[in-house]
Amino acid sequence: VLMPQTPIEGAFKIAEKIRNIIEQKSKQSNLPKITCSFGVSSLQNNENEDEIFKKADEALYTAKRNGKNQTIAI
């Protein structure tokens with residue numbers, strides 16, 4: 001999800017809200033448990049688009065290594 005003009009703190013909160021909704025909806029259904037992880041990053045000075053996606057990917061894999069079902073911001 002791209003959120004232009006959104007500070008990283010706001011993007012983190014939105015990602016957490018989405019993650020929590022998915023988890024809660026999964027608990028309320030007869031479907032198998034569904035969870036998700038998110039990596040959040042913010043474009044910093046002198047970075048290009050490739051670098052922001054690389055940071056988000058690194059954050060996502062950190063979330064997965066740390067037990068999944070979480071949001072990590074870099």
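Colleague: Starting with helix α1, residues 8-27: what end-to-end span should its 20 residues give, and how far apart are the end C-alpha atoms?
Modeller: Bear in mind that this is a predicted model. At 1.5 Å a residue, the 20 residues of α1 should span 28 Å. That agrees with the distance between the end C-alpha atoms, which is 29 Å.

Colleague: Which residues of α1 are buried, and within what arc do they fall when seen down the axis?
Modeller: The buried ones are Ala-11, Ala-15, Glu-16, Arg-19, Glu-23 and Ser-26. Seen down the axis of α1, they line one face of the helix, because they fall within an arc of 135°.

Colleague: And which exposed residues sit on the face turned away from that buried side?
Modeller: The buried side of α1 has cover that includes β1 (38-40) and β2 (71-73). On the face turned away from it, the exposed residues are Glu-9, Lys-13, Lys-17 and Lys-25.

Colleague: Take Ser-26: is it buried or exposed, and what does it contact beyond its neighbours within four places in sequence?
Modeller: Ser-26 belongs to helix α1. Its relative accessible area is 6%, and buried means under 20%, so Ser-26 is buried. Leaving aside neighbours within four places in sequence, its contacts are Leu-31, Pro-32, Lys-33 and Ile-34.

Colleague: Now the backbone. What is phi of Gln-5, and is that residue buried or exposed?
Modeller: Most residues other than glycine have a negative phi. Gln-5, in the segment before α1, has a positive one, near 65°. With 82% relative accessibility against a cut-off of over 50%, Gln-5 counts as exposed.

Colleague: Where is Asn-46 found, and what is its relative accessible area?
Modeller: Asn-46 isn't a glycine either, yet its phi is positive, about 65°. You'll find Asn-46 in the loop between β1 and α2 (49-65). Asn-46 is exposed, and its relative accessible area is 81%.

Colleague: On to the rings: how many aromatic pairs does the structure hold?
Modeller: For a pair, two ring centres have to lie within 6.5 Å. On that count, the number of aromatic pairs in the structure is 0.

Colleague: Which ring does the charged end of Lys-64 sit over, and how far is it from the centre?
Modeller: The cut-off for a charge over a ring is 6 Å from the ring centre, along with an angle of within 35 degrees of the ring normal. Lys-64 has its charged end over the ring of Tyr-61, and the distance to the ring's centre is 5.0 Å.

How values were computed:
Residues numbered from 1 in each chain as written. Predicted model: local features only at pLDDT ≥ 70, side-chain atom pairs only at ≥ 80, totals over all residues. Heavy atoms only, no water. Helix = DSSP H or I, 4+ residues; strand = E, 2+ residues; numbered from the N terminus. Expected span 1.5 Å × (residues − 1). Buried < 20%, exposed > 50% of the residue type's maximum accessible area, 1.4 Å probe, protein only. Arc of directions from axis to C-beta. Contact = heavy atoms within 4.5 Å. Phe/Tyr/Trp six-rings, centres within 6.5 Å; stacked < 30°, edge-to-face > 60°.
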